[in-house]
Amino acid sequence: QVQLVESGGGLVQAGDSLRLSCAASGRTFIYSIMGWFRQVPGKEREFVSSIYWSGGGSTYADSVKGRFTISIENDKNTVYLQMNSLKPEDTAVYYCGLKLRSWDTAYDYWGQGTQVTVSS
């Protein structure tokens, strides 16, 4: 069984930085994609960024391009989301997700979420 555990959220001021981590365990992930999503109350979960388990093919939502960077450490089975120049509109619960097979449409596993709050 796959487990995803996020950490690194918190309360920061606008312009500050945070780094989120997501540790994965339970299976090998050669063909997988790791992604970050976020959700605010009353809205659907939205895509933030994703990366292939190999470390290539990173993608970003337009709203975070140039400010967020996704990376992966395969030997630690951990994906990171470096968030710089944070804005109040980045406030959300951030979730990491794992898509076991990159060609699938849906993510198979989700973490429990970590709260990020950016004050103005």
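**Rings and their surroundings**

Tutor: The charged end of Arg45 sits over the ring of Trp110, at 4.6 Å from its centre, and Arg45 also lies over the face of Tyr95, at 3.8 Å from that ring's centre. A charge is said to sit over a ring if NZ of Lys or CZ of Arg is within 6 Å of the ring centre and within 35 degrees of the ring normal. Please keep in mind that this is a predicted model, in which local features need pLDDT of at least 70 and side-chain atom pairs count only at pLDDT 80 or more, whereas totals for chains, interfaces and linings use all residues. Residues are numbered from 1 along each chain as its sequence is written, and side-chain values use heavy atoms, with hydrogens and water left out.

Now to the rings themselves. The structure holds 5 aromatic pairs, where rings of Phe, Tyr and Trp (its six-membered ring) pair if their centres lie within 6.5 Å, and planes under 30 degrees apart count as stacked, over 60 as edge-to-face and the rest as tilted. One of these pairs is Tyr31 with Trp103, which is tilted, with 6.0 Å from centre to centre and 55° between the planes. Tyr31 belongs to the loop between strand 3 and strand 4 (33–39), and Trp103 to the loop between strand 9 and strand 10 (109–110), so this pair ties together parts that are 72 residues apart in sequence. Strands are DSSP runs (E, at least two residues), numbered from the N terminus. Tyr31 counts as exposed because its relative accessibility is 54%, and Trp103 counts as exposed because its value is 57%.

Phe37 and Trp110 form an aromatic pair that is edge-to-face, at 5.0 Å centre to centre and 75° between the planes. Since Phe37 lies in strand 4 and Trp110 in strand 10, the pair ties together parts that are 73 residues apart in sequence. Here Phe37 is buried, with a relative accessible area of 11%, while Trp110 is partly exposed at 35%; buried means under 20% relative accessible area, exposed over 50%, and partly exposed in between (1.4 Å probe, protein chains only). Ring pairs join Phe37 and Trp110 with Phe47 and Tyr107 into a cluster.

Phe37 also leads us to Tyr94. Leaving aside neighbours within four places in sequence, Tyr94 is in contact (heavy atoms within 4.5 Å) with a list of residues including Phe37, Trp36, Arg38, Leu81, Met83 and Val116. Tyr94 is also one of the residues that touch the most other members of the largest nonpolar core, together with Leu4, Met34, Trp36, Leu81 and Met83, out of 30 residues in that core. Each of strand 3, strand 4, strand 5 (46–52), strand 7 (68–73), strand 8, strand 9 and strand 11 (114–119) supplies at least two residues of this core. A nonpolar core is a set of buried Ala, Val, Leu, Ile, Met, Phe, Trp, Tyr and Cys residues joined through side-chain atoms within 4.5 Å. In soluble globular proteins, nonpolar side chains tend to be buried together.

Cys22 lies in strand 3 (residues 18–25) and Cys96 in strand 9 (residues 92–99), so the pair ties together parts that are 74 residues apart in sequence. Both Cys22 and Cys96 are buried.

Key: Helix = DSSP H or I, 4+ residues; strand = E, 2+ residues; numbered from the N terminus.
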